[in-house]
Amino acid sequence: YPLASFESILYDLKVRWDFGVKPTPEIVIVTIDEESDDYLGDVYPYSYATHSRFLEKILKSEPKIIDFFIKMPEGASDDDVYFNGFKNSLKDFSNKGGKVNFATEIDEVKGEELPPIQLQDFNYSLAQLTIDNNIFSKDDAVRRAIFNVSGEESLHLLTANQFRVIKGKNPINAPDVIGAYYNEEADANFVLFRYSSSPVYS
């Protein structure tokens with residue numbers, strides 16, 4: 001336990017002061033907060049009318065991959081104009097070569113919470129962060145991500161491999177990454193969030 005805490009402190013310092021790895025402008029994270037409610041004119045959980053308007057803005061930037069880390073409204077009817085507009089925009093984006101992924105999480109009672117049935121034609125995968133052996137220094141700071149669970153790619157790995165293929169590179173898996181390890185209890189492979197250089201074996 002003391003050693004794990006010391007390890008986490010060193011890791012945090014390295015990440016905070018590491019100028020060797022720069023963020024890439026090719027990856028954009030859009031966060032949702034109270035200011036988003038004001039900007040979008042809606043209150044979370046957002047309606048499909050709001051999701052459609054927001055998606056329209058995103059598509060103007062011509063992304064290659066779109067990941068949704070947000071719970072989508074259930075119970076949309078087939079004659080819902082806004083839902084159909086949202087889904088058709090995603091289909092059109094996908095038909096042009098874009099990748100659409102929905103994040104799922106595991107509820108202790110319900111199990112894995114999937115996207116609405118009408119959106120399950122698109123990719124969806126586990127994006128859980130806090131699970132079993134993920135927090136290793138007892139300070140509630142998550143420094144490791146799930147790579148795959150029971151052989152199924154996490155959303156992080158799925159997206160990374162989609163991006164690698166777009167760049168003309170081969171997909172990767174746990175044996176290809178330095179420091180990836182298997183936890184038998186979770187039946188999952190884990191990796192650190194951040195490395196000072198590429199963790200992929202050359």
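A contact here means heavy atoms within 4.5 Å. The structure is a predicted model, in which local features need pLDDT of at least 70 and side-chain atom pairs count only at pLDDT 80 or more, while totals for chains, interfaces and linings use all residues. Residues are numbered from 1 along each chain as its sequence is written, and side-chain values use heavy atoms, with hydrogens and water left out. Helices (H or I, at least four residues) and strands (E, at least two) are DSSP runs, numbered from the N terminus.

**A helix residue and its contacts**
- Thr 159 is part of helix α5, which covers residues 155–166.
- Leaving aside residues up to four places away in sequence, Thr 159 touches Ile 65, Asp 67 and Asn 101.
- Thr 159 counts as buried because its relative accessibility is 17%; buried means under 20% relative accessible area, exposed over 50%, and partly exposed in between (1.4 Å probe, protein chains only).

**A cis peptide bond**
- Tyr 44 and Pro 45 are joined by a cis peptide bond, with omega at about 0°.
- Pro 45 sits in the loop that runs between α2 (34–40) and α3 (48–59).

**Positive phi outside glycine**
- Glu 62 is not a glycine, yet its phi is positive, near 55°.
- The loop between α3 and β1 (65–68) holds Glu 62.
- Glu 62 has 66% relative accessibility and therefore counts as exposed.
- Ser 150, also not a glycine, has a positive phi of about 50°.
- Ser 150 is placed in the loop between β5 (144–149) and β6 (152–153).
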